[in-house]
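I am opening a notebook on this structure and will write down what I look up, entry by entry.

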Amino acid sequence: MADPVRALRELLKANADVAALVGSRVFGGELPAAETKSMPRAAIVLRPSGGASLTAGSYARHDTQRIDLLAHGATPMEADALARLCRVIVCDIRRQVVEGCLIHWVDVAGGLSAERDRDAYWPVALQSFQIFHAL
C-alpha cells in the first residue's frame, strides 16, 4: 500500500538542508514520547489530516491526501523558518516514486499558521499540503 506520509518523511530526511536543522528528527504521525524530554528544538511531524478527494466517485487507482507538516522549533521564528524551507522542498515534488509511493504532485493546501504545542506549549508552525498519489 502506498504511504504518502512515509514518502514525504523520507524525502525530507534525505534533504541536506533539512537534515542540517533537524538531524533525523522527521516523524510520521506524532512526536515520539522519548523525544519530548529534549524539546523544544527543531523537529518535523507529518500527519494525515483528511481533506477532499479529487478522485471521489471514479475508479481511478489514485487519490489525494491532505497532510499537515508541523515544524517545531526552539522559538516561533525557528519553527516558521523550518516550515517555509519544507514548503519549498515539498512543493517541488513532481512525478516521483518514493518508498513505493508514486507521487504525481504536492501543492499547498492553505496558508502557514503558527501555534503552540497543546501539551507543552512549544512553538510550532503548521503547513498543510495536498498530495496526489497512486494507490
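How many salt bridges does the structure hold? I note first that this is a predicted model, and in it I count eight salt bridges.

**Entry: salt bridges between distant parts of the chain.** I looked up arginine 6 and found its side chain meeting that of glutamate 99 in a salt bridge, at 3.8 Å from N to O. This pair links distant parts of the chain, since arginine 6 belongs to helix H1 while glutamate 99 sits in the loop between strand S4 (94-98) and strand S5 (101-108), 93 residues apart. Both partners are partly exposed, arginine 6 at 35% relative accessibility and glutamate 99 at 40%.

I then turned to aspartate 68 and arginine 47, whose side chains meet in a salt bridge of 3.7 Å, N to O. Here, too, distant parts of the chain are linked, with aspartate 68 in strand S3 (residues 62-72) and arginine 47 in strand S2 (residues 43-48), 21 residues apart. I recorded aspartate 68 as buried, because its relative accessible area is 8% and the cut-off for buried is under 20%, whereas arginine 47, with 25%, is partly exposed.

**Entry: a salt bridge within a helix.** In the salt bridge of arginine 84 with aspartate 80, I found the closest N and O atoms 2.7 Å apart. The two residues are four apart in helix H3 (residues 76-91), so about one helical turn separates arginine 84 from aspartate 80. I also noted a network of salt bridges that links Arg9, Glu10 and Lys13.

**Entry: helix H1.** Which residues of helix H1 (residues 4-14) are buried? I listed Pro4, Val5, Ala7, Leu8 and Leu12. They lie on the same side of H1, because they cover an arc of only 165 degrees around the axis.

**Entry: glutamine 130.** Is glutamine 130 buried or exposed? I found glutamine 130 buried, with a relative accessible area of 14%, and placed it in strand S7 (residues 123-134). Its side chain reaches the backbone oxygen of alanine 52 at 3.1 Å, and a polar contact of 3.3 Å joins it to the side chain of threonine 64. Beyond residues up to four places away in sequence, glutamine 130 touches several others, including Trp105, Val106 and Asp107.

Notes:
Residues are numbered from 1 along each chain as its sequence is written. This is a predicted model: local features need pLDDT of at least 70, side-chain atom pairs count only at pLDDT 80 or more; totals for chains, interfaces and linings use all residues. Side-chain values use heavy atoms; hydrogens and water are left out. Buried means under 20% relative accessible area, exposed over 50%, partly exposed in between (1.4 Å probe, protein chains only). A polar contact is a pair of N or O atoms within 3.5 Å; within protein, one must be able to donate a hydrogen and the other to accept it, and residues adjacent in sequence count only if both atoms are side-chain atoms. Contact means heavy atoms within 4.5 Å. The arc is that of the directions from the helix axis to the C-beta atoms. A salt bridge is a side-chain nitrogen of Lys or Arg within 4 Å of a carboxyl oxygen of Asp or Glu.
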